Amino acid sequence: MAVNGAGTGEWEAVIGLETHVQLGTESKIFTGASTAFGDDPNTHIDPVVCGLPGTLPVLNQKVLEYAVKAAMALNLKIAEHSKFDRKQYFYPDLPKNYQISQYDEPIAEDGWIEVEVAEKGKETYLKTIGIERLHMEEDAGKLVHAGSDRLAGSTHSLVDYNRAGVALAEIVSKPDLRTGREAAEYASEIRRIMRYLGVSDGNMQEGSLRCDVNISVRRGPDAPFGTKVEIKNMNSFSAIQKACDYEIQRQIKAYESGETIVQETRLWDEGKQLTKSMRSKEGASDYRYFPDPDLGPIEVSADQREAWRAELPELPAAKRHRYAETLGLSQYDARVLTDERPMADYFEAVVAAGADAKLAANWITGDIAAYVNSNRINYASLPFRPEQLAEMVKLIDGGKISGKIAKEILPELLEKGGSPAQIVDERGLGMISDPAAIGAIVDELLAAHPEEVEAFRGGKNKLQGFFVGQLMKKTGGKADPKLANQILSQKLKGG
């Protein structure tokens, strides 16, 4: 029953993701109604959102820009010509009884991204995941079922159309994923790219990024695809991984016991940690697509494409490679630093100010990230500016202060900012690097601890650590550690 990423086990999983990214425009895709989140129900609606007779949709140009930039970042080919279609389905949260989407002529097709798959206890590896297409569409509203957390058992339902008409980019992967971990990493990379671009906040708790997973299993990598099942209702990367892993094992057990897997939509139950059947899966014919008669064709000129391409930032995968190959950082450091663009920007500003990349990475991914996260602030508003951190790193690197002293002054710097060098000078915190001064202190310590000196000379070499501790205590952590160890070693041996 083995399933692994290489497909070498008896069974192999085949996974594809449909990722819905809410584009971060101030108004909706076909109307000027606000996209603000969290306001009172049905306060961001208008005749177009409600589908009233006589209304006409008009494409939001910012939506087109964001969709094209997202597609470019995913290495997709931008179509010279695309169009909108009507997708028919009847549900209370869709006031027009159809959704405006793109069917056979999407804005972009045939791309890929590189995913770094890291899992505790396993070797990290890179994998290229193909992307079938990206298309634009409008979101539906939201149903709230009263008396139950699901439609079944509820006493009545309420509908909020604030979300109806919000712009979405749907990104459809190729069936290149093989494990739950790969699926979670792929979704995480999509979110990371969208946030780097600034086209979406990717907030999964608010529904700004939602994933549907299609899963089937087959006997080995050369076997035909099995019957796929779609899983909905996942609001975290952890849920994506767990839902995939559960569904893979469920399908394998079903096949091995002679059961038939049916094409259906299932829900992930976070509380029970399992998938549950929701409904049979619709096919394209059920939606009765046809071109939307109210919206003209979409054409993006070559000049416009190149202008938007020039505005793209360096993306996460490129940064990871550059940090590892040019700056000499570990894969782990590169991955942590590039997870969010504000942290990467802060790091690069520190290095640009002359700091050693590895030392800067240690401070940023450790103490500074902890402070930013616990205080829920962003790097742009952090009082401790990049050039000030670079100054502190250079003081440590140049032997002017110890890491211990840096830790002592860091809380104040994080709160108020300021010059580390000035604080060190004003408070006399500079490192003691004078051999004569350190030698005198060592002589005092050895005279004060004759028994420990005798024990050391009798073979208990670990006692050198005791004397180092005493020396640092006596100097307030200001003694140059390397020099202090050299002098201690020499004097303890009787030199």
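Helices, of type H or I with at least four residues, and strands, of type E with at least two, are DSSP runs numbered from the N terminus. The legends below describe close-up views of a predicted model.

**View A. Confidence along the predicted chain.** The average pLDDT of the protein chain is 90. A score of at least 70 is reached by 96% of the residues. Residues 4–8 form a stretch in which the pLDDT is below 50. Beyond near neighbours in sequence, this stretch makes ten contacts in the model.

**View B. The open sheet of nine strands.** The strands follow the order S2-S5-S6-S9-S1-S10-S11-S12-S13, and their pairing is mixed. At the edges stand strand S2 (77–78) and strand S13 (274–280). Each of these two has a single partner strand, so one side of each is left without a neighbour in the sheet. Elsewhere in the sheet, strand S5 (108–117) is joined to strand S6 (residues 125–138) by nine bridges in the antiparallel sense. Within this pairing, glycine 111 stands opposite isoleucine 131 in S6.

**View C. Strand S10 and its partners S1 and S11.** Strand S10 covers residues 209–218. Nine of its ten residues are buried, so the strand is largely enclosed by the rest of the structure. Strand S1 (residues 12–22) runs antiparallel to S10, and ten bridges join the two. Asparagine 214 has glutamate 230 as its bridge partner in S11.

View D. Serine 216 has a relative accessible area of 4%. The limit for a buried residue is under 20%, and serine 216 therefore counts as buried. When neighbours within four places in sequence are left aside, serine 216 is in contact with Glu12, Ala13, Val14, Gly226, Thr227, Lys228 and Gln251.

**View E. The open sheet of three strands.** Here the order is S4-S3-S14, with antiparallel pairing. Strand S4 (98–101) and strand S14 (290–291) are the edge strands, each of which pairs on one side only. Strand S3 (residues 85–88) and S4 pair over four bridges in the antiparallel sense. Lysine 87 can be located opposite glutamine 99 in S4.

**View F. The largest cavity and its lining.** The count of cavities of 30 Å³ or more comes to one. The space in the largest cavity is about 50 Å³. Its lining is made up of Val115, Glu116, Glu185, Glu189, Arg192, Arg320 and Arg335. Strand S5 (108–117) and helix H2 (180–197) are the elements that give two or more residues to this lining. H2 contributes the most, with three residues. By class, the lining of the largest cavity holds six charged residues, one nonpolar residue and no polar residues.

**View G. The second largest pocket and its lining.** This pocket has a volume of about 330 Å³. Its lining consists of 15 residues, and those nearest the centre of the pocket are Asp339, Glu340, Met343, Asn373 and Tyr379. Two or more residues each come from H2, H7, helix H8 (341–352) and helix H9 (357–375). H9 supplies the largest share of the lining, four residues. The residues that line the second largest pocket comprise seven nonpolar, three polar and five charged.

**View H. Leucine 327 in the loop between two helices.** The loop that holds leucine 327 runs between helix H6 (316–325) and helix H7 (331–337). Leucine 327 has a relative accessibility of 27%. Buried residues lie under 20% and exposed residues over 50%, and leucine 327 therefore counts as partly exposed. With neighbours within four places in sequence left aside, leucine 327 is in contact with Arg322, Phe347 and Ala357. Aspartate 356 is 29 residues away from leucine 327 in sequence, and the distance between them in space is 9.0 Å, C-alpha to C-alpha.

How values were computed: Residues are numbered from 1 along each chain as its sequence is written. This is a predicted model: local features need pLDDT of at least 70, side-chain atom pairs count only at pLDDT 80 or more; totals for chains, interfaces and linings use all residues. Side-chain values use heavy atoms; hydrogens and water are left out. Two strands pair if DSSP finds at least two bridges between them. On a 1 Å grid over the protein atoms alone, a cavity is a set of points where a 1.4 Å probe fits but cannot get out, and a pocket is an open set with protein on both sides within 12 Å along at least five of seven lines; lining residues have an atom within 4 Å of a point. Grid points are joined across faces, edges and corners, and a volume is the space filled by probe spheres set on the points. Ala, Val, Leu, Ile, Met, Phe, Trp, Tyr, Cys and Pro count as nonpolar, Asp, Glu, Lys and Arg as charged, and the others, Gly among them, as polar. pLDDT is the predictor's confidence in each residue, from 0 to 100. Contact means heavy atoms within 4.5 Å. Buried means under 20% relative accessible area, exposed over 50%, partly exposed in between (1.4 Å probe, protein chains only).
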